[in-house]
Amino acid sequence: MATVSSASNLRRAQMAATLVPRVANCRRVLQVITPSHMSGAEMQLVRLTRKLRARGHEMPVLVKHDSPAIEHMLEQGMSVDRARIGGKVNFMAISRIARAARQHHVDLVQSTLSTASWWTGWLEAFGGPKSVGHVQGFTSARWHRRQSHLLAVSGAVRDDLVAQGIPRERITVLMNALEADEYRPQRDPLAVRAEFGADATTPVVGTFAHLSVKKGYRELFAAMPQILTAVPNAQFWIMGRGPLRDELEQAARAGGYLKQVRFAGFRRDACDVMNAIDVMALPSHREPCALAYIEAALLAKPIVACRAGGAPESIADGETGILAPVGDSRAIGEAILTLLENRDFAARMGHAGHERAREVFSWSRFTTTLEGVWDRVLSS
């Protein structure tokens with residue numbers, strides 16, 4: 001079933017890409033990425049490469065040779081070059097990126113993730129192609145200082161870079177893009193619920209993120225007893241892997257609510273799972289621009305998050321979701337309860353989120369902005 005769904009998703013994405021208008025001023029842009037796993041930034045690169053190729057641009061991709069993300073990229077129909085470009089003391093990475101740039105006769109290099117940005121910046125400083133850094137999170141500006149221009153996934157990320165000394169005029173805000181045709185469930189949500197031991201009436205809260213402190217998991221689990229006191233049959237579906245796995249399981253066991261929690265790890269059918277929940281809760285301490293927020297909105301799911309980082313740009317507080325103070329487990333619990341106990345209100349909020357996501361996170365806005373950045377960098 002998973003294989004059929006993946007193939008169906010790929011065919012639909014390819015068909016959608018053919019509908020993107022081609023541009024006259026096509027570019028050759030080497031995409032360089034150094035991922036340790038497959039996550040939001042990596043999936044965004046897959047999608048933007050597909051979209052921009054459909055517009056006529058040549059988009060070769062260079063990936064760290066041993067990245068686990070390569071397998072997933074190949075499954076998505078991408079052709080990638082591999083090289084030993086990982087590590088911030090790997091000085092040979094500069095010559096390896098330069099070799100790929102020459103091989104593909106590129107006009108420009110675009111990097112994703114800090115190590116890729118570090119080495120493409122040095123390549124530019126040594127007379128190589130100009131580079132654009134796609135900054136997907138809150139990171140040190142030192143990795144990007146030698147690059148011609150930066151793309152920040154939210155105004156919050158831009159402001160953080162400016163505070164670290166990067167001139168504002170060298171940064172363009174480019175929020176992640178995703179459209180409904182790229183994120184469409186394949187399975188009946190009732191079948192997914194049955195897999196997790198839930199039925200049509202079970203209140204389900206889903207979280208889709210790496211199991212780490214910064215994602216707000218400790219506060220979410222601290223809020224679970226509060227939620228279960230009011231809604232005893234609620235379930236919490238945890239989609240992700242990470243270092244907090246054992247700690248969170250122990251907390252749930254000690255609190256007596258482990259039977260209400262489902263640890264599902266990484267799921268390739270995350271879209272189907274998200275479509276089967278009632279509320280998406282990701283109370284990160286400072287999220288740059290989480291794709292999970294966009295995905296939930298496109299599936300018309302109301303969202304609970306924290307009022308920090310780029311979340312207020314992705315979620316309209318009180319309209320498409322509820323934003324709680326960072327680290328406030330009681331407020332997070334109250335927000336989730338508000339949505340679980342007021343289904344009509346939650347449905348209206350989910351619908352509003354869907355409509356907003358179609359406008360704010362469209363590929364037409366993304367590609368127009370990105371092509372404008374390329375033109376300015378190359379003409380400067």
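This is a predicted model: local features need pLDDT of at least 70, side-chain atom pairs count only at pLDDT 80 or more; totals for chains, interfaces and linings use all residues.
Hi everyone, thanks for coming. Let's start with Q44, which sits in helix α2, spanning residues 40–54. Is Q44 buried or exposed? With a relative accessible area of 0%, Q44 is buried, because anything under 20% falls in that class. And what does Q44 touch, leaving aside residues up to four places away in sequence? The list is Q136, N176, A177, L291, W363 and F366.

Now on to the helices. Please look at α8, residues 217–230, and α13, residues 329–341: their axes come within 8 Å and cross at roughly 45°. The two helices are therefore oblique to each other, and their crossing is right-handed. On the α8 side, the contact is made by E219, L220, A222, A223, Q226, I227 and A230. Facing them from α13 are S329, R330, I332, G333, E334, I336, L337, L340 and E341. If you sort the contact by class, you get 9 nonpolar, 3 polar and 4 charged residues.

L113 is not a glycine, yet its phi is positive, about 85°. You'll find L113 in the loop between β4 (108–112) and α5 (114–125), and at 25% relative accessibility it counts as partly exposed.

A300 also has a positive phi, about 60°, without being a glycine. Where is A300? It belongs to the loop that links α11 (291–298) and β12 (303–306). Its relative accessibility is 33%, so A300 counts as partly exposed.

That's my tour; happy to chat about any of it!

Methods:
Residues are numbered from 1 along each chain as its sequence is written. Side-chain values use heavy atoms; hydrogens and water are left out. Helices (H or I, at least four residues) and strands (E, at least two) are DSSP runs, numbered from the N terminus. Buried means under 20% relative accessible area, exposed over 50%, partly exposed in between (1.4 Å probe, protein chains only). Contact means heavy atoms within 4.5 Å. Axes are lines fitted to C-alpha atoms, for helices over the stretch in contact, and angles run from 0 to 180 degrees between N-to-C directions. Angles under 35 degrees count as roughly parallel, over 145 as roughly antiparallel, 65 to 115 as roughly perpendicular and the rest as oblique. A crossing is left-handed if the near helix is turned anticlockwise from the far one by less than a right angle, and right-handed if clockwise. Ala, Val, Leu, Ile, Met, Phe, Trp, Tyr, Cys and Pro count as nonpolar, Asp, Glu, Lys and Arg as charged, and the others, Gly among them, as polar.
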